[in-house]
Amino acid sequence: MERTFLMIKPDGVGRNLIGAIVSRIEQKGLKIVGAKLMTVSEELAKTHYGEHSERPFFGELVDFITSGPVFAMVLEGENVVEVGRTLVGKTNPAESAPGTIRGDYGMTVGKNIIHGSDSVASAEKEIALWFKKEELIDYSLVNSSWVY
Ligand code: ABT
Ligand code: MG
């Protein structure tokens, strides 16, 4: 079964949106196999956003993501990387459709509420970066036969 990494950013946590966002994930039928509230070190932020290190917004991005706690999650499900990105919406919340997390809660690219892995390869890298193996839990959902 595929896995992906989602992270509610400091703006989402600061606006009390953890519960609303987690509800959407559960209602969709995705399984949460890891979750934690945590602060992000500068080193972790720079590694996570390494592909943007040469971009002009890199400094602001690192400052933002380290500015308050984030809520990190690993989700499991069929095609979950793509499904996760669909739930999250487009990078720019102004262009994200209503019904998506960014479309419903966000206004600016720089503070766009939540992160979702953009490919299976990124998901594998990000899960290994953010979670220890023992923090990921193997269990069955009661109603999983209705989901798949
Ligand atoms: P993430 O899920 O945060 O990776 O966003 P997404 O994959 O949708 O978009 P990318 B392109 O990876 O953007 C990473 C972060 O950089 C911010 N950004 C991006 C800017 O501030 N200005 C820009 O012009 C672009 C392209 C948005 C993303 N995060 N935040 N916060
Ligand atoms: Mg990205």
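## Rings and charges

The charged end of lysine 36 sits over the ring of phenylalanine 131, at 4.5 Å from the ring centre, where sitting over a ring requires NZ of Lys or CZ of Arg to be within 6 Å of the ring centre and within 35 degrees of the ring normal. In the same way, the charged end of lysine 31 sits over the ring of tyrosine 139, 4.9 Å from its centre. The model is a predicted one, in which local features need pLDDT of at least 70 and side-chain atom pairs count only at pLDDT 80 or more, while totals for chains, interfaces and linings use all residues. Residues are numbered from 1 along each chain as its sequence is written, chains are lettered from A and ligands numbered from 1 in the order in which they are written, and side-chain values use heavy atoms, with hydrogens and water left out.

Rings of Phe, Tyr and Trp (its six-membered ring) pair if their centres lie within 6.5 Å, and planes under 30 degrees apart count as stacked, over 60 as edge-to-face and the rest as tilted. By this rule there are two aromatic pairs. Phenylalanine 5 and phenylalanine 131 form one that is edge-to-face, with 6.4 Å from centre to centre and 70 degrees between the planes. This pair links distant parts of the chain, 126 residues apart, since phenylalanine 5 belongs to strand S1 (residues 2-8) and phenylalanine 131 to the loop between helix H7 (120-130) and helix H8 (144-147); helices (H or I, at least four residues) and strands (E, at least two) are DSSP runs numbered from the N terminus. Both phenylalanine 5 and phenylalanine 131 are buried, a class defined by under 20% relative accessible area, with exposed over 50% and partly exposed in between (1.4 Å probe, protein chains only). Ring pairs join Phe5, Trp130 and Phe131 into a cluster.

## Surroundings of ligand 1

Around ligand 1 there are 15 residues, of which Lys9, Tyr49, Arg85, Thr91 and His115 come nearest; a residue is counted here if one of its heavy atoms lies within 4 Å. A polar side-chain atom of histidine 115 lies 2.6 Å from an oxygen atom of the ligand, and an N or O atom in the side chain of arginine 102 is 3.0 Å from an oxygen atom of ligand 1. The protein covers 79% of the 600 Å² of accessible area that ligand 1 has on its own, by the Shrake-Rupley method with a 1.4 Å probe.

## Buried polar side chains

Glutamate 76, in strand S3 (residues 70-77), is buried with a relative accessible area of 14%. Its side chain makes a polar contact of 2.8 Å with the side chain of arginine 3, such a contact being a pair of N or O atoms within 3.5 Å; within protein, one must be able to donate a hydrogen and the other to accept it, and residues adjacent in sequence count only if both atoms are side-chain atoms. Serine 122, in helix H7, is likewise buried, at 16% relative accessible area, and a polar contact of 2.6 Å joins its side chain to that of aspartate 118.

## Positive phi angles

Most residues other than glycine have a negative phi. Asparagine 16, in the loop between helix H1 (10-14) and helix H2 (18-28), has a positive phi of about 60 degrees and is exposed, at 70% relative accessible area. Isoleucine 113 has a positive phi of about 75 degrees, but this residue is buried at 0% relative accessibility.
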